[in-house]
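I opened this entry to keep track of what I looked up. My notes go in the order in which I checked things.

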Amino acid sequence: MQNNEELKLALLIALIAMLMMAFFVISFVMYYQKRRFEEEKKINDIEKNYNRLLLDTALNSEETERRRIAQDLHDDIGTMLSLTKLSLNQLSKLVNASENEKQEQIMKKSQSLVEETILHVRRITRDLVPTTLERFGLLEAIEEFIDKLEEDNNLVISFHSNTVEFPRQGQKLELTLYRIMQELVNNAIKHASCSSIEISLEIENEMIGLRVTDNGIGFDPEKIKENNLAGLGLLGIESRLAIVNGTVQYEKPAKGTGSSACARIPVMPMSENKPEPLHPFRREKVNA
Amino acid sequence: MLEIYFSYFKRQPLASIPVFLTLLPLLLIWQRKAYRDNAFLILGIYLMVKFVIDFIMFDWASHKRNTVVLYNFNVPVRYVLSSLIFYQKLETRRFKNWILASIPVFILFSIWDTLHTNPSLADLHNHKMVLYSTTVESLLMLFWVLLYFYNTIRALKIPNLLTYPFFWVCSGLLIYYSSFLFIAPVFHYSSKWEEWLEIGFLTYVPYMFESVSIILFSIGIAQFPDERYAK
Ligand SMILES: Nc1ncnc2c1ncn2[C@@H]1O[C@H](COP(=O)(O)OP(=O)(O)OP(=O)(O)O)[C@@H](O)[C@H]1O
Ligand SMILES: [Mg+2]
């Protein structure tokens, strides 16, 4: 039997060193992995925020552009048309004096055409910028939208809300809800071949719920997403909602056929965000 | 017969505990159905083989027979199975090939080592422990573990390592082989029937860390969700 104290000591030191190495490696791997993940998460967040900002800007500039077009239509074409109408009125007096049947007929036709054009321009301007929405809020705007639709379709569109006075929301939120409602109703008319549409707007626990139900053929949103059938409509709804932290759900209504879409958005009272300038482009011109 | 076992257990508790502790991760693999993951299936086989060999060694030791021949036999078997686990887990083709290539080389090397240290194989009583194989095995295994860690850090696929079963297995192997690396060659001189080298409590260090690594394996396997293992 041999006894070797020096060897034992050396071995002990080697053992401790190796174990320390092992612990160091394990904790390093754990720490490094954790840090990398946190960094990755941060980058993801930044990217997400950035994308949201981009989307927001895109939608904002779309609205601004609509506003500009509406303004131009109203101010330039509208004014010109009014002037044309005036001139035509003067001309018609002359024509009436000459008592030529044929000329008078043509005159009448021109006048009614100009009048119709004026109405059309006004309608297009109204459609481009929902002025009712800005002035009177969501309830009025939706009601107006429905009235206009019911006029030239034989559809029953009903609308109800759980509050009589729907509190005004931030401009962006109201516009988001309005555009979503517009797209959902348009979709129902376009695709569902339904006879009635039900719109409900509810506010509950700091959440606004917008539901559009039709009694048409119904559809499977999953299938549409999978098969890349979604047009700009459904995608647009989702990107609009992404900006305001909203969600949308499509479901089958409890009774009968058809489809029902429910968008939920957290409330954002008006006071919180500054009102945007109503006509940014005009303003620039005035200031310049 | 049981009395012999018990008295050996009482004389050598540190050496005997890991033999029976091996049953714990085996039981967990079975209970958590971890064997559905190929790597853990191999780990299960490894633990089963280890248990059988360890138990025979325990039996022989309690009857005062030289167990070194079994130990020498165990070295290549152990290496083949544990490196195959890493073959399953590493994703790069090149590293997989390295592992595959190392297996036959190591088997040949350990056979050569056994013959080299035991010129007369028939003399089981004076059979000696291999001199280099265990050190080479430790080095290789440490290398695979570090390689795996390196890949994990680079790939960044696992959100929480603490709930990732294989991380615990790797930690167990890393600690075991780190503790074993320098003691392994000395074992050749200390585990002899005659004229052995006295290294005191250091003899028991590998056994202690064997238990530690088995416990770490068990913790890892316990991380498997009860039902389905989500990749
Ligand atoms: N209310 C609905 N009833 C039945 N099918 C619907 C309804 N709403 C949407 N769909 C289906 O979902 C598809 C995608 O609708 P989406 O609004 O995204 O596109 P779109 O209306 O075809 O085009 P866009 O809105 O861009 O003009 C439609 O083509 C239609 O098949
Ligand atoms: Mg549409």
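**Between the chains.** I began with the contact between the two chains, keeping in mind that this is a predicted model. I found 32 residues of chain B in contact with 25 residues of chain A. Together the chains bury about 2600 Å². Carbon and sulfur atoms give 83% of that area.

**Chain A overall.** Next I looked up the make-up of chain A. I listed eight helices and six strands. Along the sequence, I wrote the pattern down as β-α-α-α-α-β-α-β-β-α-α-β-β-α. Chain A has 288 residues, and 34% of them count as buried. I also checked how far apart in sequence its contacting residues lie. Among contacts in chain A with a separation of 6 or more, 69% join residues 24 or more positions apart.

**The magnesium ion.** Then I turned to ligand 2, a magnesium ion. Which protein donors does it have? I found E183(A), through OE, and N187(A), through OD1. Is N187(A) buried or exposed? Its relative accessible area is 16%, which is under the 20% limit, so I put N187(A) down as buried.

**Two helices in chain B.** I moved on to helix 8 (residues 165-181) and helix 10 (residues 205-222) of chain B. Their axes come within 7 Å and cross at roughly 175°. That angle is over 145 degrees, so I call the two helices roughly antiparallel. From helix 8, the residues that meet helix 10 include W168(B), V169(B), L173(B), Y176(B) and F180(B). On the helix 10 side I noted, among them, F209(B), V212(B), L216(B), F217(B) and I219(B). By class, this contact has 14 nonpolar, five polar and one charged residues.

**One residue in helix 10.** Last, I looked up I214(B), which is in helix 10 of chain B. At 1% relative accessibility, I214(B) counts as buried. What does I214(B) touch, leaving aside its neighbours within four places in sequence? I listed P18(B), L21(B), T22(B), P25(B) and K50(B). I also checked I214(B) against V169(B). The two are 45 residues apart in sequence, and their C-alpha atoms are 8.5 Å apart in space.

Terms used: Residues are numbered from 1 along each chain as its sequence is written. Chains are lettered from A and ligands numbered from 1 in the order in which they are written. This is a predicted model: local features need pLDDT of at least 70, side-chain atom pairs count only at pLDDT 80 or more; totals for chains, interfaces and linings use all residues. Side-chain values use heavy atoms; hydrogens and water are left out. Donors are N, O and S atoms within 2.8 Å of the metal (3.2 Å for Na, K and Ca); water is not among the atoms, so sites may look incomplete. Buried means under 20% relative accessible area, exposed over 50%, partly exposed in between (1.4 Å probe, protein chains only). Axes are lines fitted to C-alpha atoms, for helices over the stretch in contact, and angles run from 0 to 180 degrees between N-to-C directions. Helices (H or I, at least four residues) and strands (E, at least two) are DSSP runs, numbered from the N terminus. Angles under 35 degrees count as roughly parallel, over 145 as roughly antiparallel, 65 to 115 as roughly perpendicular and the rest as oblique. Contact means heavy atoms within 4.5 Å. Ala, Val, Leu, Ile, Met, Phe, Trp, Tyr, Cys and Pro count as nonpolar, Asp, Glu, Lys and Arg as charged, and the others, Gly among them, as polar. Buried area is the accessible area (1.4 Å probe) that two parts lose on being put together, summed over both.
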